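Hi everyone, thanks for making time this morning. I'd like to walk you through one structure, so please have a look at it before I start talking.

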Amino acid sequence: LGRRYGGWSYLPLKYGRRHGTDRWIGVPFGGGTGPICYRVSTLREAGFERVPDDLQEFLRLCKAMQRLGRPAGFALGNAVGDGNGFANWMLWSHNASLTDEEGRVSINSRETVDALEYVRELYPTLVTGTLSWLDASNNRAYAAQEIHMTANGVSLYYALKSDARTRFIADDTEHTPLPKGRAHDIPQYSAGLNAMVFRHVRNIN
């Protein structure tokens, strides 16, 4: 497939092959990201024209939104996509990691402690209940105007703009990459989607 269609980019190679080998374990066909979705009017009322890349400024934004009664909300619970996306973003934006480039466990670091301390400061600014959120929870909270900023894929915006009752929220919504923090590049998580290929299928091609 790679030869036929021009090769693979970095993430499909990492997701689709067993670590450290050329052995394919799945055929990647997509990966959804979760940028910051926010209400433009609320951000401006909080004194910001854009979502800041600096983590301390981002914390200041979340505190200002909370004071307005229009807080942010990020999944901290059992949300497979959103919860992992938030946790990875927190680690990577502090230059922490689960494993290093060689696949060795690397989470026990000063950078991880910094990320945890940051979450401890950020958590009180979030809407109540994020520890129990599932993947649909932030979509519902944003559509109900209980939160005015979250991290989510295209599903949230598409649902808002497709419903006449929530179109006004979509019209006031913008997207931006997650704050970089200390990271060199945008610390963006991709929820990998794999189509598994089994040896015993009748039509293997």
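Let's begin at F74. Leaving aside residues up to four places away in sequence, F74 touches I36, F58, F86, W89, L126, T130, W133, T150 and A151. Please keep in mind that this is a predicted model.

Where does F74 belong? F74 is among the residues with the most contacts inside the largest nonpolar core, along with I36, F58, L61, L122 and M149. That core has 26 residues. At least two residues each come from strand 2 (36–39), helix 3, helix 4, helix 5, helix 6 (110–122) and strand 3 (149–151). And which element gives the most to this core? Helix 4 does, with seven residues. There is also another core lying apart from it, made of twelve residues, including A79, V127, A141 and I169. As a general reminder, nonpolar side chains tend to be buried together in soluble globular proteins.

Now, some nonpolar side chains sit on the surface instead. L1, Y5, W8 and W24 form a nonpolar patch there, and together they have about 460 Å² of accessible area. If you want to find W8, look in the loop between helix 1 (2–5) and helix 2 (10–16).

On to the charges. How many salt bridges are there? The count comes to eleven. My pick to show you is E45 with R70, where the closest N and O atoms are 2.7 Å apart. E45 lies in helix 3 (residues 40–45), while R70 is in the loop between helix 4 (55–67) and helix 5 (80–93), so this pair ties together parts that are 25 residues apart in sequence. Both partners are partly exposed: E45 has 47% relative accessibility, and R70 has a relative accessible area of 23%.

Two other pairs deserve a glance. D22 bridges to R17, with 3.2 Å between the closest N and O atoms; D22 is exposed at 62%, whereas R17 is partly exposed at 22%. D163 pairs with R165 at 2.8 Å between the closest N and O atoms. Here D163 is partly exposed at 23%, and R165 is exposed at 66%.

Finally, which residues are linked in a network of salt bridges? Those are R110, D114, E117 and R182.

That's my tour, and I'm happy to take questions.

Terms used. Residues are numbered from 1 along each chain as its sequence is written. This is a predicted model: local features need pLDDT of at least 70, side-chain atom pairs count only at pLDDT 80 or more; totals for chains, interfaces and linings use all residues. Side-chain values use heavy atoms; hydrogens and water are left out. A salt bridge is a side-chain nitrogen of Lys or Arg within 4 Å of a carboxyl oxygen of Asp or Glu. Buried means under 20% relative accessible area, exposed over 50%, partly exposed in between (1.4 Å probe, protein chains only). Helices (H or I, at least four residues) and strands (E, at least two) are DSSP runs, numbered from the N terminus. Patches are made of residues with over 30% relative accessible area and no salt bridge: like charges are joined within 9 Å, nonpolar side chains (Val, Leu, Ile, Met, Phe, Trp, Tyr) within 5 Å. Accessible areas come from the Shrake-Rupley method with a 1.4 Å probe; for residues, only the protein chains shown count as cover. A nonpolar core is a set of buried Ala, Val, Leu, Ile, Met, Phe, Trp, Tyr and Cys residues joined through side-chain atoms within 4.5 Å. Contact means heavy atoms within 4.5 Å.
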